[in-house]
Amino acid sequence: KVGGKPVLAHPGLIDNENIIKEVIQKGIQGLEVYYYEHNKKQIDKLEKLAINHSLIMTGGSDCHGPQKKDGKRTIDLEEQWRITANLIYDFIQKNK
């Protein structure tokens, strides 16, 4: 066993909120809250959902190089560091 945790990737792109709730009920252990296609409103909603269900909050950049094919950065590097720092802080607080 390697100790992996099941996490739902980019849930903000799922149009049906009931699907997310069902996945949580089935035992998912985390949500990818921070994703470059999630807007502020979605992130706030997903953070609250994760906190209310004691889920791990993860972040993904989907950055496979400095730019995507459409020429946009997938995530600002400063934002990525902020997200990473918050995730580490949350992990430490939950595991004291």
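Helices (H or I, at least four residues) and strands (E, at least two) are DSSP runs, numbered from the N terminus. The model shown here is predicted: local features need pLDDT of at least 70, side-chain atom pairs count only at pLDDT 80 or more, and totals for chains, interfaces and linings use all residues. Residues are numbered from 1 along each chain as its sequence is written, and side-chain values use heavy atoms, with hydrogens and water left out.

**View 1. Lys-40 and Asp-44 pair within helix 2.** Lys-40 and Asp-44 are 4 residues apart in helix 2, so about one helical turn separates them. They form a salt bridge (a side-chain nitrogen of Lys or Arg within 4 Å of a carboxyl oxygen of Asp or Glu), and here the closest N and O atoms are 2.8 Å apart. Lys-40 counts as exposed at 59% relative accessibility, while Asp-44 counts as partly exposed at 26%. For these labels, buried means under 20% relative accessible area, exposed over 50%, and partly exposed in between (1.4 Å probe, protein chains only).

**View 2. Salt bridges that share partners join Glu-17, Lys-21 and Lys-45 into one network.** Start with Glu-17 and Lys-21, both in helix 1 (residues 17–25) and 4 residues apart, about one turn of the helix. Their closest N and O atoms are 3.5 Å apart in the salt bridge. Now follow Glu-17 to its other partner: the side chains of Glu-17 and Lys-45 meet in a salt bridge of 2.6 Å, N to O. This pair links distant parts of the chain, with Glu-17 in helix 1 and Lys-45 in helix 2 (residues 40–52), 28 residues apart. The relative accessible area is 35% for Glu-17, 39% for Lys-21 and 49% for Lys-45. The count of salt bridges in the model comes to 3.

**View 3. Glu-32 is buried in the model.** Glu-32 is found in strand 2 (residues 30–35) and has a relative accessible area of 8%. What lies 2.6 Å from a polar atom of the side chain of Glu-32? It is the backbone nitrogen of His-10. Leaving aside its neighbours within four places in sequence, Glu-32 is in contact (heavy atoms within 4.5 Å) with several residues, including Val-7, Leu-8, Ala-9, Pro-11, His-38, Leu-46 and Thr-58.

**View 4. The largest nonpolar core has 14 residues.** A nonpolar core is a set of buried Ala, Val, Leu, Ile, Met, Phe, Trp, Tyr and Cys residues joined through side-chain atoms within 4.5 Å. The residues with the most contacts inside this core are Ile-24, Leu-31, Val-33, Tyr-34, Leu-49 and Ala-50. Helix 1, strand 2 and helix 2 each supply at least two of its residues, and helix 2 gives the most, with 4. Beyond its neighbours within four places in sequence, Tyr-34 touches partners among them Ile-43, Glu-47, Met-57, Ile-83 and Leu-87.

**View 5. Ile-88, Phe-91 and Ile-92 form a nonpolar patch on the surface.** Together these residues have about 310 Å² of accessible area, computed by the Shrake-Rupley method with a 1.4 Å probe; for residues, only the protein chains shown count as cover. Patches are made of residues with over 30% relative accessible area and no salt bridge, with like charges joined within 9 Å and nonpolar side chains (Val, Leu, Ile, Met, Phe, Trp, Tyr) within 5 Å. Phe-91 is found in helix 3 (residues 77–94) and counts as exposed, at 55% relative accessibility.

How values were computed. A polar contact is a pair of N or O atoms within 3.5 Å; within protein, one must be able to donate a hydrogen and the other to accept it, and residues adjacent in sequence count only if both atoms are side-chain atoms.
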